[in-house]
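Please keep the sequence and the 3D view at hand while reading.

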Amino acid sequence: MPVAQQFAGYSLTFALACGLSLAATFLVRAAARRLGLVAKPRADRWHKRPTALFGGVGIFVAFIATYCLRHPGEISGDMLLLGCSGGMFLVGLLDDFVQLKPYAKLIGQIVFATVFTMFGMRLHWLRSVPLDQALTVFWLVGITNAINLLDNLDGLAGGVAAIAALYLVYFCHAASAPARAAITAAFAGSIVGFLFFNFNPASIFMGDCGSLFLGFFLGGVSLIDNQ
């Protein structure tokens, strides 16, 4: 397939995900406000007015919808990545509702990272499979928590994740992995649509359901189709 046609495909996937994310985030924000699911101003927080929560739901829904509508074709490990990153989304969603203990979230991260690596999705940096698997688990948990910890200023976590994803689109294409580039373009578009509502002053926060999903997906997408 010509390069121009491939990039047109990535652009269409990105635009579709962005549009769906705009719509989904708008609806989530309206629902959160109606149901009182908002973060109220506090002395130790930066926002000055009640701000809707659960923006990560809009990102996740938009991404899954785009993936279904613009399936990238044959790619090894994509369903496993969706399943494990979806599991991290659910861990974050539970935390947003009931505020899990840090160790409980860490256990969830390790479980899904371990499941992901059990099917050959590893860094392949070490000759020893158990050590390489352990290193990959550390990588996934580390990236997941890095994005989670960045989610403390308007647009920061989403902005960093979107920039990283857009770079990955190019590098996946350069590595002759167009299907991986396409799924990453859908991911990037889903974040950018959310960012329209999250830049300062944010009208909605992504919450842990968003940041944990973003971090795990970013860590894992570079490992799929790489067995």
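## Report on the model

Thr-13 is a residue of helix α1. The model described here is a predicted one. With a relative accessible area of 3%, Thr-13 is buried, because buried means under 20%. Leaving aside neighbours within four places in sequence, Thr-13 is in contact with Thr-66, Arg-70, Ala-182, Ala-185 and Ala-186.

Another residue to look at is Tyr-170, which belongs to helix α6. Its relative accessible area is 48%, and Tyr-170 is therefore partly exposed, since that class lies between the 20% limit for buried and the 50% limit for exposed. Tyr-170 and Tyr-10 are 160 residues apart along the chain, and their C-alpha atoms are separated by 9.9 Å.

**Packing of two helices**

Two packed helices are described by the angle between their axes and the distance between the axes. Helix α3 covers residues 78–98 and helix α8 covers residues 207–221; they pack at an angle of about 155 degrees, and their axes are 7 Å apart. Angles over 145 degrees count as roughly antiparallel, so α3 is roughly antiparallel to α8. The crossing of these two helices, α3 and α8, is right-handed.

On the α3 side, the contact is made by Leu-81, Cys-84, Ser-85, Met-88, Phe-89, Val-91, Gly-92, Leu-93, Asp-95 and Asp-96. On the α8 side, the contact is made by Gly-207, Asp-208, Cys-209, Leu-212, Phe-213, Phe-216, Phe-217, Gly-220 and Val-221. Sorted by type, the residues of the contact of α3 with α8 are twelve nonpolar, four polar and three charged.

**Nonpolar cores**

Which residues have the most contacts inside the largest nonpolar core? They are Phe-116, Phe-187, Phe-213 and Leu-214, and the core has 49 residues. The elements that give two or more residues to this core are α1 (3–35), α2 (55–69), α3, α4 (102–117), α5 (129–150), α6 (156–174), α7 (178–198) and α8. Helix α7 gives the most to this core, with nine residues.

Phe-213 also belongs to the contact between α3 and α8. Not counting residues up to four places away in sequence, Phe-213 touches Ile-59, Phe-60, Phe-63, Ser-85, Phe-89, Phe-187 and Asp-208.

**Backbone exceptions in loops**

Most residues other than glycine have a negative phi, and most peptide bonds are trans. Gln-99 and Ser-176 each have a positive phi although neither is a glycine. The table gives their values.

| Residue | Phi | Loop | Relative accessible area |
|---|---|---|---|
| Gln-99 | about 55 degrees | between α3 and α4 | 67% |
| Ser-176 | about 60 degrees | between α6 and α7 | 65% |

Are these two residues buried or exposed? Exposed means over 50% relative accessible area, so Gln-99, at 67%, is exposed, and Ser-176, at 65%, counts as exposed.

The remaining exception concerns a peptide bond. A cis peptide bond joins Asn-200 and Pro-201, with omega about -5 degrees. Pro-201 is found in the loop between α7 and α8.

Conventions. Residues are numbered from 1 along each chain as its sequence is written. This is a predicted model: local features need pLDDT of at least 70, side-chain atom pairs count only at pLDDT 80 or more; totals for chains, interfaces and linings use all residues. Side-chain values use heavy atoms; hydrogens and water are left out. Axes are lines fitted to C-alpha atoms, for helices over the stretch in contact, and angles run from 0 to 180 degrees between N-to-C directions. Helices (H or I, at least four residues) and strands (E, at least two) are DSSP runs, numbered from the N terminus. Angles under 35 degrees count as roughly parallel, over 145 as roughly antiparallel, 65 to 115 as roughly perpendicular and the rest as oblique. A crossing is left-handed if the near helix is turned anticlockwise from the far one by less than a right angle, and right-handed if clockwise. Contact means heavy atoms within 4.5 Å. Ala, Val, Leu, Ile, Met, Phe, Trp, Tyr, Cys and Pro count as nonpolar, Asp, Glu, Lys and Arg as charged, and the others, Gly among them, as polar. A nonpolar core is a set of buried Ala, Val, Leu, Ile, Met, Phe, Trp, Tyr and Cys residues joined through side-chain atoms within 4.5 Å. Buried means under 20% relative accessible area, exposed over 50%, partly exposed in between (1.4 Å probe, protein chains only).
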